[in-house]
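Have a look at the picture first, and then walk through the notes with it open beside you.

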Amino acid sequence: MLQIFYESQDFFLLKELEKLGPRKGVISQSVKDVVQSLVDDDLVSKEKIGTSVYFWSLPSCAGNQLRNVYRKLESDLQNSKNRLEELTEQCKQLKKGREESEEREEALAELKAIELKHKELKDEVLQYADNDPAAFEAMKNAIDDAHAAANRWTDNIFTLRQWCSNNFPQAKEQLENLYKEVGMTEDFDYLELSPTPLSSVID
């Protein structure tokens with residue numbers, strides 16, 4: 001397709017290129033895609049004039065484009081070489097002091113032993129978490145809150161029973177049977193909370 005442009009050094013419509021393409025071995029159905037690919041690579045110029053779109057490419061333009069690509073590749077190659085040298089130097093610096101030696105092996109072994117001991121102590125601390133004073137205090141506060149809530153409900157139940165007795169005195173027997181069915185026996189009363197010493201919990 002480029003030969004068509006170079007040989008004629010003229011401007012073409014797409015329809016014209018589709019007719020000329022087969023002469024250069026490009027089937028007409030593929031001409032549009034091939035030309036667009038050349039445009040994307042800046043090897044062919046494209047311009048819309050009025051309602052028509054024209055394509056053209058001059059050998060000098062293609063040469064300039066190839067030279068620009070070459071210069072860019074040369075620049076990228078040099079940057080890559082410079083970066084490689086920097087990384088090589090950094091690698092050398094990082095290796096300093098890390099040469100294999102008996103002292104280094106001993107230091108690594110000691111570090112591994114310390115890490116293992118740290119893990120063992122950490123696991124041991126977790127085993128005693130239940131006896132932690134802070135955890136015990138939090139549990140004690142939770143028990144106090146639950147105790148207070150239970151007695152509030154007990155107070156509400158006594159209030160409801162009194163209200164039922166006042167408003168339905170004729171149904172006293174039925175109410176007593178109802179209370180028993182839901183588990184409100186004669187010993188139903190407020191809960192009493194005995195203080196628990198910390199030492200007994202730890203033991």
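What follows is a short briefing, grouped by topic.

Keep in mind from the start that this is a predicted model. The chain is divided into domain 1, residues 1-57, and domain 2, residues 137-180. Their centres, taken over C-alpha atoms, are 94 Å apart.

**What the UniProt record says**

- The unreviewed UniProt entry carries the annotation "domain: Mnd1 HTH" for residues 1-59.
- Over that span, 1-59, the chain is 47% helix and 17% strand, and its end C-alpha atoms sit 13 Å from each other.
- The unreviewed entry also places a feature called "domain: Leucine zipper with capping helix" at residues 135-191.
- Residues 135-191 are 75% helix and 0% strand, with 24 Å between the end C-alpha atoms.

**The hairpin**

- How do strands β1 and β2 pair? They run in the antiparallel sense, joined over 5 bridges.
- Strand β1 takes up residues 45-49, while strand β2 takes up residues 52-56.
- Together β1 and β2 make a hairpin, with 2 residues between them.
- One turn residue to look for is G50, which has a positive phi of about 70°.
- To see how the strands line up, find K46, which stands opposite F55 in β2.
- Then find K48, which faces V53 in β2.

**The largest nonpolar core**

- Here's a background idea: in soluble globular proteins, nonpolar side chains tend to be buried together.
- In this model, the largest nonpolar core has 14 residues. Which of them touch the most other members? Those are M1, L17, V35 and F55.
- Helices α1 (2-8), α2 (14-20) and α3 (28-40) are the elements that each give two or more residues to this core.
- The largest share comes from α3, which supplies 4 residues.

**Loops and positive phi values**

- Q9 has a positive phi near 50°, and Q9 isn't a glycine. You'll find Q9 in the loop between α1 and α2.
- D42 is another non-glycine residue with a positive phi, this time near 60°. D42 belongs to the loop between α3 and β1.

**Zooming in on D10**

- D10 is also in the loop between α1 and α2.
- Along the sequence, D10 and Y54 are 44 residues apart, yet in space they are 9.9 Å apart, C-alpha to C-alpha.
- Skipping neighbours within four places in sequence, D10 is in contact with F5, F55 and W56.

- Helix α6 spans residues 133-167, and N151 is part of it.
- N151 counts as buried because its relative accessibility is 14%, and buried here means under 20%.
- Apart from neighbours within four places in sequence, N151 is in contact with Y190 and L191.
- T154 lies in helix α6 too.
- T154 is also buried, because its relative accessible area is 6%.
- Leaving out neighbours within four places in sequence, T154 is in contact with F188, D189 and Y190.

**Cysteines**

- A disulfide is a covalent bond between the sulfur atoms of two cysteines.
- How many disulfides turn up in the whole structure? The search finds 0.
- C91 counts as partly exposed, because its relative accessibility is 36%.
- C164, in contrast, is buried, because its relative accessible area is 13%.

How values were computed:
Residues are numbered from 1 along each chain as its sequence is written. This is a predicted model: local features need pLDDT of at least 70, side-chain atom pairs count only at pLDDT 80 or more; totals for chains, interfaces and linings use all residues. Side-chain values use heavy atoms; hydrogens and water are left out. Two strands pair if DSSP finds at least two bridges between them. UniProt positions are given in the numbering used here, feature names are shortened, and annotations may be inferred rather than shown by experiment. A nonpolar core is a set of buried Ala, Val, Leu, Ile, Met, Phe, Trp, Tyr and Cys residues joined through side-chain atoms within 4.5 Å. Buried means under 20% relative accessible area, exposed over 50%, partly exposed in between (1.4 Å probe, protein chains only). A disulfide is a pair of cysteine sulfur atoms within 2.5 Å. Domain bounds come from an automatic or database domain assignment. Contact means heavy atoms within 4.5 Å.
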